[in-house]
Amino acid sequence: MDNEKLLKTGDRCIYDEPAACTAWCPLHIDVAAFVSEIEKGDFIKAYKILEKRMPFTRVLGMICDHPCESACVREAAGGAIRISELEKAAIKHGYTPLKKALPIPKKAGKVAVIGGGLSGITAALELDKKGFKVTIYEKSDKLGGRIWDYEGANLDKEIIEEELQIFSKLDIEVLFNSHIGQKDFKEIMNENNAVFLGTGEWDEKLEVNPETFQVQCSSLFAGGRLIYKNGSVILSVSSGRRAAASIERYVKGISMTAAREREGSFETPLKYEVDVIEPAAPVVKATDIFSEEEALNEAERCFQCRCTKCIDSCSHMKKFNTHPKNYIRNIIHNEDTFLGTRSANKMINSCTMCGLCDEQCHVGISMKNIIQETRESMVEKGKMPVSAHDFAMKDMEFSNSGLFFMVKSPPPIPEELAEMRKKELFTYPRLTFSKYAQSVYFGDVPDKENADYLFYPGCQLAASYPEYVEKAYEYLLSRMIKEGVGIMLGCCGAPADWAGRQDLMKSNIERLRDAWAEMGKPTFILACSSCCDIFAKYLPEIPFISLWEIFERYGLPEITPKGNGHLLSVHDACSTRHNKNIQEGIRNIVVKLGYEIQELKYAKEKTKCCGYGGLVYFANREQAENFAQDRINESDQDFLVYCAMCKDLFVAEGKRTYHILDLIFAENPVETAQKKMPNLSQRHANRAQLKKKLLKDLWREDPETELTPMKNLIIPEEVWGIMDERFILLEDVEKVVTYAQEFGERFFNPEDSSYLAYQRIADVTYWVRYIEKDGAIQLVTVYSHRMEVKKD
């Protein structure tokens with residue numbers, strides 16, 4: 001992976017960007033943190049945050065002209081947060097004396113400050129901290145300038161004096177009653193490395209750089225009202241601070257402009273949306289300054305602005321308490337760590353790679369693409385934990401084995417048709433010869449070698465609802481007789497893609513491409529959303545159309561039940577996020593069937609994942625359940641889906657969910673909407689049985705290989721649950737038991753007369769504990785691990 005490129009991507013994340021109030025504050029006070037402490041009732045901490053950025057805090061906090069409030073995004077939802085009033089409350093309720101600072105050696109140079117007003121005394125403080133020997137020339141007999149104009153009301157003389165006493169404690173020379181004429185000015189310029197001019201007025205016209213505050217290219221710098229004619233208190237203070245930074249750069253010979261884009265007020269790239277937030281009016285104070293309770297109530301109105309759009313919509317980032325910038329840094333650290341870290345590996349394999357974060361992100365960061373690249377890199381470097389995707393890879397291998405995989409041209413015209421016609425019999429007990437038979441007999445069937453279409457239902461629909469694959473194929477054969485529709489069973493390779501296994505992905509794509517060529521390059525009819533995504537990504541040369549678009553084009557079956565206004569919320573499959581044809585096609589079908597639709601908040605291109613994507617179901621089952629539950633919480637209405645795994649996961653979490661094919665083919669859709677997914681072993685059996693049935697019914701053929709389960713094996717319900725939880729298949733158990741029975745490789749426990757057998761299959765060792773009883777074998781428990789048991 002290109003870590004440098006990845007870092008740049010992470011740096012684009014605006015999660016850590018300052019809120020508008022902080023960015024617009026000339027002193028960049030962390031307003032969100034400040035207000036947060038008040039909301040928690042900790043006024044002392046709030047005051048410390050204020051004091052960190054604001055000099056002479058007890059004075060400036062009372063007279064600040066608060067430009068931050070003009071930038072507050074709360075303005076659009078009830079009125080800006082009264083930040084200035086909260087500053088006053090923090091001073092009143094949280095002031096603590098400043099700890100005595102250690103003196104800093106004065107080795108940086110000499111600087112003169114002419115004018116002891118707001119900008120001058122701020123510049124002097126800053127330069128003192130930077131190690132300069134500072135002399136202030138003040139024409140009156142006291143420092144502070146305009147500060148004294150605010151004496152009275154909430155700003156007592158004693159507080160002003162206390163705040164300014166800091167100069168008596170610092171190594172800053174203050175020369176009062178010093179009127180600087182032209183001669184004096186020239187001498188001061190010659191005697192110092194730099195001079196700051198903060199007099200408010202000056203006899204000569206000055207050409208001051210508004211970014212660096214340097215007068216032309218000289219050692220003279222200016223600030224305060226010489227720059228800001230509007231008389232802003234806080235801008236005068238800011239100019240003194242920024243001029244001090246420029247003086248340091250000037251004396252040290254450093255670039256005067258580099259990396260200074262965010263000094264002073266600036267527009268933050270942070271985006272915070274308030275259009276769905278209820279308005280809340282500012283708190284009205286009973287006295288001159290908020291009481292503690294009033295301040296708390298006002299602070300509660302603060303949004304604590306931070307860009308969390310991707311986090312708010314993603315169970316994964318919530319679960320791992322992360323955001324793109326931090327996530328990417330974890331990925332880079334994992335890349336640099338031998339075999340990676342356990343926590344990072346788990347996090348990386350817990351992302352569904354659904355792509356919603358990209359849709360939500362204001363700057364277009366796609367964690368989906370980053371995770372994809374990361375997983376491929378982990379596989380290449382041997383850092384991918386094998387256990388994370390082991391079962392999914394074996395499941396894909398099964399789907400592409402002879403037990404399920406097949407490619408067939410349309411079935412031949414049945415010989416029985418002639419007899420059927422003589423007897424005026426147009427229905428037949430077999431699926432094969434119903435409407436398809438009639439269509440063939442009466443239709444104008446072109447004489448051609450290859451079919452125009454190839455039905456590819458995918459592996460998951462066949463595993464969960466094999467009967468729908470049969471019915472859908474019958475529909476296609478009967479409605480598209482002129483075009484001709486073949487069928488192909490297998491897995492598109494999505495599991496390999498999600499697992500970062502490009503080696504397996506390549507071979508899978510080649511298999512699909514070869515089958516397509518051998519069949520005369522037909523258009524694929526896809527019934528699986530993941531297949532649509534894989535074809536678009538890896539096989540752009542192969543035309544495809546969804547089964548749902550075919551229903552739209554050729555009409556729904558006549559026996560379709562009606563919805564009678566039943567309200568459904570459509571959950572769009574995340575793999576069809578940008579496929580508008582499928583999204584609209586599904587909705588049109590639903591409406592034609594008599595149902596009504598209530599759209600979810602996250603729909604179509606902004607849809608959420610059910611929790612199966614990215615193989616999270618296998619790598620982190622708890623995270624997968626979080627995804628499903630998060631989606632379910634979005635609506636009280638029944639769900640309508642068009643992905644088999646979406647339905648299975650929602651139903652597993654107790655959500656009544658209809659698959660689009662339930663509405664089209666099921667005799668009782670309400671009943672099927674609550675039907676739980678088959679267990680993992682049954683899913684294999686369903687695929688194998690589907691192939692066998694199609695071959696027998698349509699082509700009068702027998703499969704070359706088929707599953708032959710043990711007849712005398714008894715598996716209690718709780719053991720089935722354990723097998724699913726630990727990804728142990730019936731065929732694995734059967735191999736272990738058969739091996740133990742045949743070779744005697746087992747341990748006997750005399751206490752309960754049970755046997756413990758094991759066998760290593762591929763890279764997993766399976767253990768089965770069972771009891772022999774009345775000629776049958778009853779399982780007690782099962783488990784597996786990756787430790788190899790070696791014999792001496």
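Which residues of helix 4 (residues 43–53) are buried? The legends below, drawn from a predicted model, begin with this helix.

**Figure 1. Helix 4 and the helices around it.** In helix 4 (residues 43–53), the buried residues are F43, A46, Y47, I49, L50 and E51. They pack against four elements: helix 3 (31–39), helix 5 (57–63), helix 7 (83–94) and helix 13 (292–299). An α-helix has 3.6 residues a turn, so residues three or four places apart point the same way.

**Figure 2. The largest nonpolar core.** This core holds 125 residues, of which F455, I525, L547, W548, F551, I660 and L661 touch the most other members. Helix 24 (residues 466–479) is the element that gives the most to the core, with seven residues. Another core lies apart from this one and has 75 residues, including L118, A244, L270 and C302. In soluble globular proteins, nonpolar side chains tend to be buried together.

**Figure 3. Surroundings of F551.** F551 is among the residues that touch the most other members of the largest nonpolar core. When residues up to four places away in sequence are not counted, F551 touches Y475, L556, P557, I589, L661, I664 and F665.

**Figure 4. The buried residue T374.** T374 belongs to helix 19 (residues 367–380). Its relative accessible area is 1%, under the 20% limit, and therefore T374 counts as buried. With neighbours within four places in sequence left aside, T374 is in contact with M1, I331, E335 and I348.

Figure 5. The strands follow the order 15-19-18-17-16, and their pairing is mixed. Strand 15 and strand 16 (746–749) stand at the edges; each has a single partner strand, so one side of each is left without a neighbour in the sheet. Strand 15 (residues 713–714) pairs with strand 19 (residues 776–785) in the parallel sense, over two bridges. Within this pairing, L713 has I777 as its bridge partner, and I714 has Q778.

**Figure 6. The hairpin of strand 18 and strand 19.** Strand 18 (residues 764–773) pairs with strand 19 in the antiparallel sense over nine bridges. Here T765 stands opposite H785 of strand 19. Two residues lie between the strands of the hairpin, where D774 takes a positive phi near 55 degrees.

**Figure 7. The largest pocket.** The space in this pocket amounts to about 1,200 Å³. It is lined by 39 residues, and S387, D390, F391, F727 and R786 are the closest to its centre. Helix 20 (386–399), helix 17 (342–348), helix 30 (616–619), helix 31 (621–632), helix 37 (730–743), strand 18 and strand 19 each supply at least two lining residues. Helix 20 gives the most, with seven. By class, the lining comprises 15 nonpolar, ten polar and 14 charged residues.

**Figure 8. The second largest pocket.** This pocket has a volume of about 990 Å³. Among its 31 lining residues, L98, K99, A101, I166 and L170 are the closest to the centre. Two or more lining residues come from each of helix 4, helix 5, helix 8 (118–129), helix 9 (157–164) and helix 10 (166–169). The lining divides into 14 nonpolar, two polar and 15 charged residues.

Note on methods:
Residues are numbered from 1 along each chain as its sequence is written. This is a predicted model: local features need pLDDT of at least 70, side-chain atom pairs count only at pLDDT 80 or more; totals for chains, interfaces and linings use all residues. Side-chain values use heavy atoms; hydrogens and water are left out. A nonpolar core is a set of buried Ala, Val, Leu, Ile, Met, Phe, Trp, Tyr and Cys residues joined through side-chain atoms within 4.5 Å. Buried means under 20% relative accessible area, exposed over 50%, partly exposed in between (1.4 Å probe, protein chains only). Contact means heavy atoms within 4.5 Å. Two strands pair if DSSP finds at least two bridges between them. On a 1 Å grid over the protein atoms alone, a cavity is a set of points where a 1.4 Å probe fits but cannot get out, and a pocket is an open set with protein on both sides within 12 Å along at least five of seven lines; lining residues have an atom within 4 Å of a point. Grid points are joined across faces, edges and corners, and a volume is the space filled by probe spheres set on the points. Ala, Val, Leu, Ile, Met, Phe, Trp, Tyr, Cys and Pro count as nonpolar, Asp, Glu, Lys and Arg as charged, and the others, Gly among them, as polar.
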